[in-house]
Amino acid sequence: MDLEPPQKRRRGAELEDALLDAALVELSEKGYGDFTVEGVAERAGTSRHVIYRRWPTRPDLVLAALRKNAHDDARPVPDTGSLRGDVLELLTAANRSRLGLAAMLSVQLGAYFQETGTTLGEVRRAILGDRPSAMVTVMKRAADRGEIDPSRITTRMTTLAVDLLRHDALMSLGRVPDSVIVEIVDDIFLPLVLAKK
C-alpha cells in the first residue's frame with residue numbers, strides 16, 4: 001500500500017513568499033477590481049485568516065506583493081565603461097524582465113488607485129523606497145568618468161530614457177522593440193546629456 005507523505009506545512013518566509021507570489025498572479029490575471037483575498041488563499045493553498053494576519057487589507061497585500069516582485073527582480077546596475085553602453089544595457093534588461101508586467105499592472109491597478117487615493121508615482125515610491133534609481137548610479141559613474149557635466153544634468157534629464165521606455169511599454173502593453181531602445185538612447189537621450197553649454 002503506497003501512502004503519500006504528508007504535505008510539509010509552510011511557515012515563515014516560505015509561506016509569505018508563496019502568498020505574495022499568489023497575490024501577484026491573482027492581480028495580473030484578474031486586475032485589482034476582481035482581486036480577492038479568497039482567490040489568493042486558494043492559489044496559495046491556505047486560508048484567508050493566514051493572509052489577514054499578515055496583511056489586514058487588500059491594498060496592504062497588493063503593495064507587499066509588488067514590493068516582493070520589485071525586490072526579486074532587482075539586478076546589478078550595468079557598468080560597461082560608457083554611458084551609452086550602461087543605458088542601453090539598463091533599458092534592454094528592464095524591457096526584457098519588467099516592463100511587460102509593469103505596464104500590465106499599471107492598467108490592472110486602476111481600481112487600487114481609486115480605492116486608496118494614491119497615484120502610480122506614489123505606489124512606485126512606496127515599492128522602491130529611498131534607494132537611488134539605477135539611472136542615478138549610471139549618471140554618477142558617467143560624471144566620474146568625465147563623460148557628462150553633472151552641473152547641467154537635471155532630474156528630468158536623468159529619468160528621460162527610462163520615462164520614454166516606460167511610455168512606449170504602456171502604450172503597447174508589452175515589450176518595446178530593440179530598435180526603439182537604440183533610438184531613445186542615441187537620438188534623444190545622449191544628444192541631450194552630452195551637449196555642451
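Of the 28 residues in the largest nonpolar core, those touching the most other members are Phe-35, Ile-51, Leu-61, Val-62, Leu-66, Leu-109 and Tyr-112. A nonpolar core is here a set of buried Ala, Val, Leu, Ile, Met, Phe, Trp, Tyr and Cys residues joined through side-chain atoms within 4.5 Å; buried means under 20% relative accessible area, exposed over 50% and partly exposed in between, with a 1.4 Å probe and protein chains only. Two or more residues of this core come from each of α1 (12-30), α2 (37-44), α3 (48-54), α4, α7 (110-116) and α8 (120-128). A second, separate core comprises 24 residues, including Val-87, Leu-91, Ala-143 and Leu-165.

The structure is a predicted model, in which local features need pLDDT of at least 70 and side-chain atom pairs count only at pLDDT 80 or more, whereas totals for chains, interfaces and linings use all residues. Residues are numbered from 1 along each chain as its sequence is written, and side-chain values use heavy atoms, with hydrogens and water left out.

The protein chain contains eleven helices and zero strands, helices (H or I, at least four residues) and strands (E, at least two) being DSSP runs numbered from the N terminus. Of the 197 residues in the chain, 36% are buried. The accessible surface amounts to about 11,700 Å², and carbon and sulfur atoms account for 53% of this area; accessible areas were computed by the Shrake-Rupley method with a 1.4 Å probe, and for residues only the protein chains shown count as cover. Among contacts between residues at least 6 apart in sequence, 71% join residues at least 24 apart, a contact being defined by heavy atoms within 4.5 Å.

Tyr-32 and Phe-35 form a stacked pair, with 6.2 Å centre to centre and 10 degrees between the planes. Tyr-32 is buried, its relative accessible area being 0%, and Phe-35 counts as buried at 1%. Tyr-112 and Phe-113 form an edge-to-face pair, with 6.0 Å centre to centre and 80 degrees between the planes. Tyr-112 is likewise buried, at 5% relative accessibility, as is Phe-113, at 17%. Tyr-32, Phe-35, Tyr-112 and Phe-113 belong to one aromatic cluster.

With residues up to four places away in sequence excluded, Tyr-112 touches Tyr-32, Pro-59, Val-62, Leu-63, Gly-117, Thr-118 and Val-123. The charged end of Arg-58 sits over the ring of Tyr-32, 4.0 Å from the ring centre; this arrangement requires NZ of Lys or CZ of Arg to be within 6 Å of the ring centre and within 35 degrees of the ring normal.

Two further positions were considered. Thr-158 lies in helix α10 (residues 155-172) and is buried, with a relative accessible area of 11%. Not counting residues up to four places away in sequence, Thr-158 touches Met-135, Val-136, Met-139, Ile-153 and Phe-189. Pro-76, in contrast, is exposed, with a relative accessible area of 74%, and is placed in the loop between α4 (58-72) and α5 (83-97). The C-alpha atoms of Pro-76 and Leu-90 are 9.4 Å apart in space, and the two residues are 14 residues apart in sequence.

Definitions and conventions
Rings of Phe, Tyr and Trp (its six-membered ring) pair if their centres lie within 6.5 Å; planes under 30 degrees apart count as stacked, over 60 as edge-to-face and the rest as tilted.
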